[in-house]
Amino acid sequence: MDRELNSIPLAPVLRMKLTKAGFTTVNDLLDIKPLELSKEIGITNEEALDILKLARGDSSSDDECRLQSRSCTALEMLQDERQTQCIVTFSEAIDSILGGGIPLTKITEICGAPGVGKTQMCMQLCVDVQLPERFGGIEGEAIFIDTEGSFIVERLVTIAKSTIAHCNATEGIILDVIHDEPRICRDFNLESVLKAVYCFRCHDYIELVALIHTLPDFLKEHSKVKLIVVDSIAFHFRHDFDDLSLRTRLLNGLSQSFIKLAALQKLSVVLTNQMTTKISPAHPGGSYLVPALGESWGHACTIRLILHWENKTRYATLYKSPSMAEATVPYQITMGGIRDIESNSIENNGHPPKKKARIDNN
């Protein structure tokens with residue numbers, strides 16, 4: 001749990017200024033610069049620096065300190081990158097443009113309009129992260145944080161059953177006709193899959209922020225977790241926020257928490273984001289779709305995947321990646337989950353896709 005401000009030795013007048021500005025815990029001070037803090041609460045740069053030294057000195061865990069102080073060569077970083085495991089999406093096309101799937105130790109943002117498949121993709125990943133190693137999986141567990149109320153366990157059951165059946169078919173195992181269940185993979189069955197998806201429902205941004213701050217303790221007891229999903233990160237921050245500086249500060253704090261979790265726990269963080277309309281007279285049509293939460297939020301994720309429609313076909317566009325080129329591929333949502341789509345099916349629906357989605361990243 002976060003420590004209160006009164007746990008560090010501060011002058012009462014400074015503590016009062018911090019509280020009035022919206023800083024309620026020590027963790028709120030970890031990701032702000034001295035100059036920003038001095039302007040925010042009206043103190044000198046020296047006072048701001050002293051406050052931050054006290055906060056960071058008292059709150060940094062041993063693991064975080066080692067992470068920040070440890071140096072490494074570029075060669076070591078390259079070797080670590082090449083050894084990074086990925087969570088497959090069950091679409092070879094999407095996995096290909098991502099470089100193998102959703103990577104661990106990174107933050108991946110999946111953006112798109114309602115109904116395009118963001119939640120379905122996340123549910124598929126919650127099952128795929130548990131795939132046994134013999135199927136190219138990592139045998140992990142997942143946390144699903146639902147902010148919209150869109151998590152439907154029956155849909156997860158359908159995706160899990162299809163994934164398990166696919167694995168059985170891959171090994172040529174015949175189904176048990178009597179019980180209508182595979183006789184293989186006693187370590188990978190419907191019960192084990194559902195038990196390994198930990199669900200949380202957050203009804204407002206306060207619950208979301210509190211939950212994220214408690215995840216390190218939860219992960220200590222559930223070390224097999226390799227995927228954290230937040231569906232969606234934008235829902236509670238798009239409305240009823242008159243104080244935009246507070247919103248920005250909260251989002252920045254969340255992004256830093258996700259970065260630390262991904263790096264320290266060697267897991268993948270997947271965030272879904274909504275789309276919003278941006279008005280621009282210079283743009284054809286006068287408006288275009290962009291991911292919500294503003295331009296500054298676009299720097300929070302390592303990878304940004306945008307899902308969109310064109311000619312009644314779903315497409316996934318890799319819009320941001322540190323190592324892969326921008327690309328667009330088709331996909332479909334079946335009863336069994338995320339799957340590839342045949343090229344001849346695309347041609348029957350209309351024109352082939354453009355190389356670049358008509359979605360602006362600015």
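Author: What follows is a set of questions and answers on charged side chains and aromatic rings.

Author: This is a predicted model, in which local features need pLDDT of at least 70 and side-chain atom pairs count only at pLDDT 80 or more, while totals for chains, interfaces and linings use all residues. Residues are numbered from 1 along each chain as its sequence is written, and side-chain values use heavy atoms, with hydrogens and water left out.

Reader: How many salt bridges does the structure hold?

Author: Side chains of opposite charge can pair when their charged atoms come close. A salt bridge is a side-chain nitrogen of Lys or Arg within 4 Å of a carboxyl oxygen of Asp or Glu. By that rule, the number of salt bridges in the structure is four.

Reader: How many residues apart in sequence are the parts that R249 and E40 tie together?

Author: R249 and E40 form a salt bridge whose closest N and O atoms are 3.1 Å apart. Helices (H or I, at least four residues) and strands (E, at least two) are DSSP runs, numbered from the N terminus. R249 lies in helix α11 (residues 244–265) and E40 in helix α2 (residues 34–41), so the distance in sequence between the parts they tie together is 209 residues.

Reader: Over the face of which residue does R249 lie?

Author: A charge sits over a ring if NZ of Lys or CZ of Arg is within 6 Å of the ring centre and within 35 degrees of the ring normal. R249 lies at 4.5 Å from the centre of such a ring, and the residue that carries the ring is F23.

Reader: Is E109, the partner of R304 in a salt bridge, buried or exposed?

Author: The closest N and O atoms of R304 and E109 are 2.6 Å apart. R304 lies in strand β10 (residues 303–310) and E109 in strand β3 (residues 107–112), so the pair ties together parts that are 195 residues apart in sequence. Buried means under 20% relative accessible area, exposed over 50%, and partly exposed in between, with a 1.4 Å probe and protein chains only. R304 has 4% relative accessibility and counts as buried, and E109, at 0%, is likewise buried.

Reader: What is the relative accessible area of E295?

Author: E295 meets K278 in a salt bridge of 3.5 Å, N to O. K278 counts as partly exposed at 30% relative accessibility. E295 is exposed, and its relative accessible area is 54%.

Reader: K118 is buried yet has no salt bridge; how far away is the nearest side chain of opposite charge?

Author: K118 lies in helix α7 (residues 118–128), and the side chain in question is that of D231. Lys and Arg count as positive and Asp and Glu as negative, whereas His and the chain ends are not counted. The distance from K118 to D231 is 6.3 Å.

Reader: Which residue has a backbone oxygen 2.9 Å from a polar atom of the side chain of K118?

Author: Contact means heavy atoms within 4.5 Å, and, not counting residues up to four places away in sequence, K118 touches several residues, including I110, C111, T272 and L307. The residue whose backbone oxygen lies 2.9 Å from a polar atom of the K118 side chain is G112.

Reader: Which side chain is joined to that of D231 by a polar contact of 3.1 Å?

Author: D231 has its place in strand β6, and it is buried without a salt bridge. A polar contact is a pair of N or O atoms within 3.5 Å; within protein, one must be able to donate a hydrogen and the other to accept it, and residues adjacent in sequence count only if both atoms are side-chain atoms. The contact of 3.1 Å joins D231 to S150.

Reader: Why is the pair of F200 and F218 called edge-to-face?

Author: Rings of Phe, Tyr and Trp (its six-membered ring) pair if their centres lie within 6.5 Å, and planes under 30 degrees apart count as stacked, over 60 as edge-to-face and the rest as tilted. A search of the whole structure finds four aromatic pairs. For F144 and F151, the centres are 4.7 Å apart and the planes at 50 degrees, so that pair is tilted. The rings of F200 and F218 have centres 5.6 Å apart, and the pair is edge-to-face because their planes lie at 80 degrees.
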